[in-house]
Amino acid sequence: MRPQWWKAAILSAIALLISTAMAIPSFSQDRSDTLLVVTEGGPYSMDIHGVGANFQVYGVTWNVYDRLLTYGKKTMPDGSVSYDYTKLEPELAQRWWLSSDGTSVTFVLRKDARFHDGTPVTAHDVKWSFDRAVTVGGFPTFQMNAGSLEKPEQFVVLSDHSFRINFLRKDKLTLPNLAVPVPVIFNSTLAKRHATPTDLWAMAWLRNNTAGGGAYKVESWRPGQETVYVRNDDWKSGPLPKIRRVVVREVPSAGSRRALIERGDADIVLDLPARDFVELARQGNLTVIGTPVENAMMYVGLNAKHPPFSDVRVRQAVAYALPRKRIVEAATFGRSAPLVTPVASNTFGYDPKMSPYTMQNLSKAKALMAQSGFPNGFDTTLSFNAGFAATNEPMAILLQEALRLIGINATINKVPGAVWRGALLRKDLPVILNVFSGWLNYPEYFYLWVLHSQNSAFNTSSYQSPEMDKLIDVARFETDQKRYAEQVREFINVALRDVPILPLFQPSMDVAMQKSISGYTYWFHRQIDFRSLVKN
Amino acid sequence: MVGRRLATALPGVVGVIVVTFLLNRALPGDPAAYFAGPAATPQAIEEIRTKLGLNRSLPEQFVLYIRDLARGDLGHSLTTGQPVVADLRARLPASLELATCGLLLALALALPLGVLAATRPGSGVDHVTRLLATTGNSLPVFFTGLVLVYVLYYLLGWAPPPLGRLEVFRTPPETVTGAYLIDSLLARDPGLFLSAAKQLILPTMTLGLAALAPITRMTRGAMLGVLASDFVRTARANGLAPRTVLYVYALRNAMLPVVTTLGLVLSFLLGVSVVVEKIYAWPGIGAYALEAVIASDYAPVQGFVLTMALVYVMLNLLIDLLYGVIDPRVQIES
């Protein structure tokens, strides 16, 4: 009894398996000037001023829009290229000058610049864009404020191609803050066409569409799948990019992403676990570049407002007990810059010699515990973001072990990713592992967010000290370089004495690419700048 | 019968709407804090909370939700920036196409294997079938998925890269059904069809393997029961050809429990496709819902659960109707 139909069924199943074998990757065509980037997630929106703009939106904005200014570049000791926060260069503005009394800055725009739809770029567009950024609220407004850009009245159109910003106060971050992804120049004519009486700033339309004049145009965006960019051949604000087309595909599984880059199907891969980057670098057939993220710090936060960590001796004891070297090794496999002082290694004021806590010193830690209000130790919890468990979990276990040696029993508390920020905002977690990074590479900018008693969401330790506040506020607007250096040293010393945060390391922005790719530049926003990339 | 079946499904759908709404609100995540972005201040978060309507009372939020739902508005996803209805419309076909292919592959393998095993109980074929079914059943899909990628793509380079529904430089066909296999044929683009088919191979194998076990077992069990029954014995005794006995009499009668299993299996496949979609970068609704849960993005999660509830209701209805086709007695009894 051997009926025909099941034979046919088995044959067709076999045929399916064989066709698997024949499915040879067939996209050698059309690849020399096209780049395939694979990432874990994609942009939530096309508009950096909108609600929910995530990291990937910075990347879209960076490549699709122009800003008045941009930063220069520098070569790092390891040969890789980084942006240079000390050098401002022209992008849409051809030149600019401060007024003689130092109360305003005037920009002259390129006359030949056009938006993607051919409309000339004018100072009216610049004003509309800046007005939008300071008006819509939320993240863009706060970012503008960080450079004392607060009111539409500050932005003055002088002529079609000249534009002035009146300063509210002397702030050394005003100009650098014009080169970050937020103050981008929108095509206001196009945007206004899609504005409605209830949506004056065209938030709804710009969420799904772009109105830029940058080096790349968005050819298609399928949220959750891919973003395709095509070069804007009429771009005038810089040298014409070499790559004609860029496809950014979202591949959520890290294993699949790694397979794609190793097989040579992807050109650039982002967001792999540290261990994968270590292995890829060791294998040597890909270019792996890791740059310590500027002005960023992974730290242990101790809640300075609630006992027992409100006792400074307890915090100092923890600082002495911290097995920093082991923690950093376990979490990052060597792909990070260990930090002993609360300043990133490539930020002004970095001096590891300032720290008394470079080595674990248990006898000192125990002595401090004995002097503190808690000589017999206590029970506490140690919380971290479970969304980054691969890095956080080994760190938490080592920290827990070390705390036990000085009488502190910490229970590990894994907080789900979606809940983490809310938990931080309540500011009632006694011990946390957390990371913060500031776009602008100035130590006082970091301190303003993390340790100033204006109490931003990122002052996770609820640390409040009038002494610290005064030093930060003065340093922000200090123009005398020598005095500024002293102020920075002073606030670092206060942070080392009060230890509300214990620095661990500076995370690394890692990227792996095929050997045929060159021209990669590290940027503070940690997104890929397609404009400088070359593919051979 | 269709009308009555639909009516009995209604309370279930209403229940689903209420429960998802409440469960979503009971989740500890704070979407306002999440979406305030990396430089959030408490004011920024408050502003967003107001914008999202999260500062209103729970009943108020529910009434608003129902009102929007009645207008066919499932809200906006914050993670994709699109209306949830548009997202689901774009993604449901991807999931259904994948699940259907997985089911078809499983059927193509499981039915013959089950019949074969049942006609020769205790033989070598039976043992091999049992081994295959147990393997498929006990290996988690994320494992088979990754192994298939590792072996067939990474090591051997036979399968195409796990990059979603199409090769990188292909643009999707004009949407008619949303299933690329069908749409590419409608667009008369064989190259595109082939591209879509290739991308389907690995995820289909992963799902097919997972669905193999229940169908094989059910087929074998049902066939064994039927083959031992009186009417088969009578048919054989009357000298009917063995093939006629097997297909016309036995298999048709054994199909009833198998079809019941199919409904369950397809639901199961839609469920596990969350994992498979992640591995193969498949833009389906499973991956979408997962992403939304992680971001505490309420609207898509509610939309997803509602859609799945509707799909299940439709599926069960379809199976009930199939019963009637296979066994006319079912219709009379109801």
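**View 1. The largest nonpolar core of the predicted model, which has 150 residues.** In this predicted structure, the core members that touch the most other members are Leu68(A), Phe107(A), Phe130(A), Leu433(A) and Tyr447(A). Helix H16 of chain A, spanning residues 481-498, gives the most to this core, with seven residues. In soluble globular proteins, nonpolar side chains tend to be buried together.

**View 2. The surroundings of Phe130(A).** When neighbours within four places in sequence are left aside, Phe130(A) is in contact with Leu68(A), Met144(A), Phe155(A), Phe163(A) and Ile165(A), and also with Leu178(A), Pro183(A) and Ile185(A). Another core, of 99 residues, lies apart from the largest one, and its members include Leu74(B), Tyr153(B), Ile285(B) and Val311(B).

**View 3. The second largest pocket, with a volume of about 910 Å³.** Its lining consists of 29 residues, of which Lys51(B), Leu52(B), Gly75(B), His76(B) and Ala299(B) are the closest to the pocket centre. Two or more lining residues come from each of helix H6 (203-208) of chain A and, in chain B, helix H1 (2-26), helix H4 (58-70) and helix H13 (298-326); the largest share, four residues, is given by H4(B). Sorted by class, the lining of this pocket comprises 13 nonpolar, eight polar and eight charged residues.

**View 4. Ala53(A) in the loop between strand S1 and helix H2 of chain A.** The loop that holds Ala53(A) runs between strand S1 (34-39) and helix H2 (55-64), and Ala53(A) counts as buried because its relative accessible area is 7%, under the 20% cut-off. Ala53(A) and Tyr522(A) are 469 residues apart along the chain, and their C-alpha atoms are separated by 21 Å.

Definitions and conventions
Residues are numbered from 1 along each chain as its sequence is written. Chains are lettered from A and ligands numbered from 1 in the order in which they are written. This is a predicted model: local features need pLDDT of at least 70, side-chain atom pairs count only at pLDDT 80 or more; totals for chains, interfaces and linings use all residues. Side-chain values use heavy atoms; hydrogens and water are left out. A nonpolar core is a set of buried Ala, Val, Leu, Ile, Met, Phe, Trp, Tyr and Cys residues joined through side-chain atoms within 4.5 Å. Buried means under 20% relative accessible area, exposed over 50%, partly exposed in between (1.4 Å probe, protein chains only). Contact means heavy atoms within 4.5 Å. On a 1 Å grid over the protein atoms alone, a cavity is a set of points where a 1.4 Å probe fits but cannot get out, and a pocket is an open set with protein on both sides within 12 Å along at least five of seven lines; lining residues have an atom within 4 Å of a point. Grid points are joined across faces, edges and corners, and a volume is the space filled by probe spheres set on the points. Ala, Val, Leu, Ile, Met, Phe, Trp, Tyr, Cys and Pro count as nonpolar, Asp, Glu, Lys and Arg as charged, and the others, Gly among them, as polar.
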